[in-house]
Each structure stands twice: as C-alpha cells, then as structure tokens.
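The sequence and the structure are shown here for reference.

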Amino acid sequence: MDHQAQLTQYLAAFLRGLSEAGVRQVVISPGSRSTPLALMLHRHPAFQTYLDVDERSAAFFALGLSKATGSAVGLVCTSGSAAANYLPAICEAEATNLPLVVMTTDRPAELQGVGAPQAMDQHALYGDHVKAMVDLALPEATPALLNYAHWQAFKLTSLALTRPQGPVHLNLPLREPLL
C-alpha cells in the first residue's frame, strides 16, 4: 500500500472518531500541510465546513459556532506559526467553557529543529489552556494505528464535551507527499 493510501485510511479513521463523538462543524484555515485533512473533512457528509484563511478570525468564528450551538466545533490549520494565531480564541474557550477540537497539522519529527520552513514546536503550544493535548503518531494503515487514530479523535472530542467543557488539541504530523 502506498503512502497516500495509508494517509487516507488513517485520516478516515480519525474523522470517524470525530463524527462519532459529535463534531458536526469544522472551520478550516487552509494551508499546505493540512490539505489532506481539510479535503477529507470538506468531502465528508458528516461535516459542515467553513473556510477562513485568517487563522485568528477562523478561531473566533469556531468559538462563536460552539457558543451558538453548544456543541464541539473542529478547527484545522497547517503547521508552524498558523497554529499560534489560534491561541487567543483557545484562551477564550477555556475561560468560557466552550468545546473546541483544535487540529493542527505538523511536520514529522525528522523535519523538526533542522531549519525546515513553517516548523515550530507545536507540542504544548497552548499550554494549560487546553484540557488535553495529543501528538498523534505518523499515519499508517495498520489495524492498531487505525484504531488509535479513531480512538484519539473520539476520546479528545468527548473530553472537550465533558463538563467543564473546553478546548482540546490534536497535533497530526504528516509526511509528504500530502496528496
């Protein structure tokens, strides 16, 4: 099985976990690294997606959706400084107990700390402003990792919805080729 097929199966399992836990709306700040996740979310019938190229406004739009609906809303961006622009809305979500499921895509470990563009340490980027943070494993289509991707999405979304509600962070490292 080639890389793209494994990536697709892994992300499909991840999306099943989000959907089963109750995510219905996702705000996407498009970027290169997040393209596979964004496209799969956009094409998936369980999700209504919104695009906003400005990460800060996208995060506050997602916060407003969560406040209006009372449900967990997904938020997706690419790697690097894009994710840092979500912090003000994440702080607000924490302070007001609103469930956000923040999904940042990331460069794999071998591209961290070697001068690759748009690479920054995204682990614990939001500190204690999120209820939980998980750096997911690199995508593989083994039964164990498909179950893992599904479970992590389901578990963290469920945690975001557990009172007191609040934001959670899933960081997905993705290798090229992305499509």
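In this predicted model, Glu176 forms a salt bridge with Arg33, and the closest N and O atoms of the two side chains are 3.2 Å apart. The pair ties together distant parts of the chain, since Glu176 belongs to the segment after strand 6 (168–173) whereas Arg33 sits in the loop between strand 1 (25–28) and helix 2 (35–43), 143 residues apart. Under the rule applied here, the count comes to one salt bridge.

Are the two partners buried or exposed? Glu176 counts as exposed because its relative accessibility is 56%, while Arg33 has a relative accessibility of 3% and therefore counts as buried. The table sets the two partners side by side.

| Residue | Relative accessibility | Class |
|---|---|---|
| Glu176 | 56% | exposed |
| Arg33 | 3% | buried |

Leaving aside residues up to four places away in sequence, Asp106 touches Arg33, Ser79, Gln112, Met120, Gln122, Asn171, Leu172, Pro173 and Leu174. Asp106 is buried yet has no salt bridge, and the nearest side chain of opposite charge, that of Arg107, is 6.6 Å away; the cut-off for a salt bridge is 4 Å.

Turning to the chain as a whole, the secondary structure comprises six helices and six strands, which follow one another along the sequence in the pattern α-β-α-β-α-β-α-α-β-β-α-β.

Along the principal axes, the C-alpha atoms fill a box of roughly 45 × 35 × 25 Å. Of the 179 residues, 49% are buried, and the chain exposes about 7,700 Å², of which carbon and sulfur atoms supply 57%.

As for charge, the protein chain carries 11 positive and 14 negative side chains, and the centres of these two sets lie 7 Å apart.

How values were computed
Residues are numbered from 1 along each chain as its sequence is written. This is a predicted model: local features need pLDDT of at least 70, side-chain atom pairs count only at pLDDT 80 or more; totals for chains, interfaces and linings use all residues. Side-chain values use heavy atoms; hydrogens and water are left out. Helices (H or I, at least four residues) and strands (E, at least two) are DSSP runs, numbered from the N terminus. Buried means under 20% relative accessible area, exposed over 50%, partly exposed in between (1.4 Å probe, protein chains only). Accessible areas come from the Shrake-Rupley method with a 1.4 Å probe; for residues, only the protein chains shown count as cover. Lys and Arg count as positive and Asp and Glu as negative; His and the chain ends are not counted. The place of a charge is taken as NZ of Lys, CZ of Arg, CG of Asp or CD of Glu. Contact means heavy atoms within 4.5 Å.
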